Amino acid sequence: MSTTLLIRPFVTPLLRVARIVVGAFFAASWALAACVHAAGGHHSVDDAVLMEPGQCQVEVWADRYRAASRGLAHVGPACRFGPFEWGVNLDRATASSETSSFAYGVQAKWARPVVESLTGGLVVAATWQGTAPRRFTGGSVIVPLTWQATDTLLLHANIGRDFRNGAADTSRAGVALEWSPLTDWSFIVERYRESDSSFWRAGTRYAINPNLSLDLSRASDIRSGGGRASSWWTLGVNWAFER
């Protein structure tokens, strides 16, 4: 498969996201400065690593399911204030050519070293449905751990719980290996469980420069009773900068 054919399905949702990313970032920055993310880009298993003090970032990514009528576009601006990262998540899901839904949320992340090669943290998030009927849909609490196994190998582990409004709460957990054999390239494989389903993902990240990187991954659910698994590709852009 050529690179053009692989990237083409992501172009339209990423262009739509690009139109709102600047406005979303400044709106989020204003809200954060008035009061008040998860590292790891689009990956489901979070790391226990914070941005540097005074640093901000914007994560933009789009999912493309094997069934072409489904997709998800995401914008996630965040900034480090004191010992916490504060962020806003904006998501647009498309189920068919005629219907789509919008959700938004806030997130706080904290982390600190446990021992020299191990860090732990806490992530708290809340989400609201942006399309009618507008309502609070739930929240999550996650404990991430990151172990620096070698100079080029990291192990991430998560355990947490999702609290869903009007439905039973569910547990979530996952593990991921992150390998960085070259300065500009890293490779991530993860296995995780959320919403009472199990998934895997494998992907790569390329650093264009120290502040800008590209993500590409493929993920799928794991069917225990047979049947055709649902799979999807994700293309993302991560931009970090000093505020």
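**Aromatic pairs**

A search of the whole structure finds eleven aromatic pairs. Rings of Phe, Tyr and Trp (its six-membered ring) pair if their centres lie within 6.5 Å; planes under 30 degrees apart count as stacked, over 60 as edge-to-face and the rest as tilted. The model is a predicted one, in which local features need pLDDT of at least 70 and side-chain atom pairs count only at pLDDT 80 or more, while totals for chains, interfaces and linings use all residues. Residues are numbered from 1 along each chain as its sequence is written, and side-chain values use heavy atoms, with hydrogens and water left out.

One of the pairs is formed by Trp185 and Tyr206: the ring centres are 4.8 Å apart and the planes stand at 40°, so the pair is tilted. Trp185 belongs to strand E9 and Tyr206 to strand E10, so the pair ties together parts 21 residues apart in sequence. Strands (E, at least two residues) are DSSP runs, numbered from the N terminus. Trp185 has 35% relative accessibility and counts as partly exposed; Tyr206, at 30%, also counts as partly exposed. Here buried means under 20% relative accessible area, exposed over 50%, and partly exposed in between (1.4 Å probe, protein chains only).

Phe199 and Trp232 make another pair, with centres 6.0 Å apart and planes at 70°, so this pair is edge-to-face. It links distant parts of the chain, since Phe199 is in strand E10 and Trp232 in strand E12, 33 residues apart. Phe199 counts as buried at 14% relative accessibility, and so does Trp232 at 8%. Ring pairs also join Phe199 and Trp232 with Tyr65 and Tyr192 in a cluster.

Tyr65 has a charge over its ring: the charged end of Arg70 sits 4.1 Å from the ring centre. The criterion is that NZ of Lys or CZ of Arg is within 6 Å of the ring centre and within 35 degrees of the ring normal. The charged end of Arg243 sits over the ring of Phe81, 4.2 Å from its centre.

Strands E9, E10 and E12 are among the elements that give two or more residues to the lining of the second largest pocket. A pocket is an open set of points on a 1 Å grid over the protein atoms alone, where a 1.4 Å probe fits, with protein on both sides within 12 Å along at least five of seven lines; lining residues have an atom within 4 Å of a point. This lining holds 35 residues, with Gly40, Asp47, Gln57, Glu178 and Arg205 nearest the pocket centre.

Note on methods:
Helix = DSSP H or I, 4+ residues; strand = E, 2+ residues; numbered from the N terminus.
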